[in-house]
Amino acid sequence: EEYQSFINNPDNEIKEEKREVTPIKNAEFKNLPDWVLQPTYSKGIAAVGEAKIGAAGLAFAKTEALANARNELARQVEVEVDNMFTSYVNAVGMGEDQSVEKVATDVSKQVASVSLKGSKQLNLWISEENDIYILVGVDNNVLNEQTKVAINEKALYQEFKAQKAQEELVQEVDKKFKTN
């Protein structure tokens, strides 16, 4: 309908798109900070963890929420590194070599593991219903450095040396995890 009105408009004016926001009926979620629903971190990758504050108290719930956030962060980092690596391998035509695939998996897991140590709490919010939400993030600087270290430790240099691609792979890491 919006498209038709644009076509039928003799002046071909571009109209501002109006989006209808779905009302949030649950009072608990109505007050959620934006970062809970859309975790973002301008310097890297972010994730949110949540836990109920129960009989064990706030400290326990905070530890649980942090663990949940870090698990999600690790999953995201693994996916990012694995996708970057797979795209690169396909681009240079290395194919479906199982040893390359295993190295890619090892690198992504290693980077995710080390990145968790470099992650930090960015924000915290407690709802009226005693749910604690914690935003954690890891800097692109950490991801960039650790990805390069993991690549070197997995002896990828030798595999890519024959194709003179080591420098290109490092450039891919720099593109994926831009540093300041």
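The model is predicted, so to speak of local features we need pLDDT of at least 70, and side-chain atom pairs count only at pLDDT 80 or more, while totals for chains, interfaces and linings use all residues. Residues are numbered from 1 along each chain as its sequence is written, and side-chain values use heavy atoms, with hydrogens and water left out.

Let me stay with Glu72. The side chain of Glu72 meets that of Arg75 in a salt bridge, 2.7 Å from N to O. A salt bridge here is a side-chain nitrogen of Lys or Arg within 4 Å of a carboxyl oxygen of Asp or Glu. Side chains of opposite charge can pair when their charged atoms come close. Both Arg75 and Glu72 sit in helix H4, three residues apart, which is about one turn of the helix. Helices (H or I, at least four residues) and strands (E, at least two) are DSSP runs, numbered from the N terminus. Arg75 is also partly exposed, because its relative accessibility is 46%.

How many salt bridges does a search of the whole structure find? The search finds six. I will show two others. In one of them, Lys148 and Asp174 meet through their side chains, 2.6 Å from N to O. Lys148 belongs to helix H6 and Asp174 to helix H8, so this pair ties together parts 26 residues apart in sequence. Lys148 counts as partly exposed because its relative accessible area is 22%, and Asp174, with 32%, is partly exposed too.

In the other, Asp131 and Lys52 form a salt bridge of 3.6 Å, N to O. This pair links distant parts of the chain, with Asp131 in strand S3 and Lys52 in strand S1, 79 residues apart. Are the two partners buried or exposed? Asp131 is buried, because its relative accessibility is 7%. Lys52 is partly exposed, at 48%.

Leu66 is buried, because its relative accessible area is 16%. Leaving aside neighbours within four places in sequence, Leu66 is in contact with Gln121, Ile134 and Val136, where contact means heavy atoms within 4.5 Å. The C-alpha atoms of Leu66 and Ile132 are separated by 9.7 Å, and the two residues are 66 apart along the chain. Ile132 itself touches Leu58, Ala61, Lys62 and Ala65, among others, not counting residues up to four places away in sequence.

Next, the strand pair. Strands S2 and S3 run antiparallel and are joined by six bridges; two strands pair if DSSP finds at least two bridges between them. Leu124 has Ile134 as its bridge partner in S3. The hairpin of S2 and S3 has four residues between the strands, and Asn130 there takes a positive phi near 65°.

Gly137 is buried, because its relative accessible area is 0%. Beyond four places in sequence, Gly137 is in contact with residues including Tyr41, Ile45, Leu73 and Leu122. From Gly137 to Asn123, 14 residues apart along the chain, the C-alpha atoms are separated by 9.6 Å.

Last, Ile126. Ile126 is in strand S2, residues 120-126. With 35% relative accessibility, Ile126 is partly exposed.

Technical notes:
Buried < 20%, exposed > 50% of the residue type's maximum accessible area, 1.4 Å probe, protein only.
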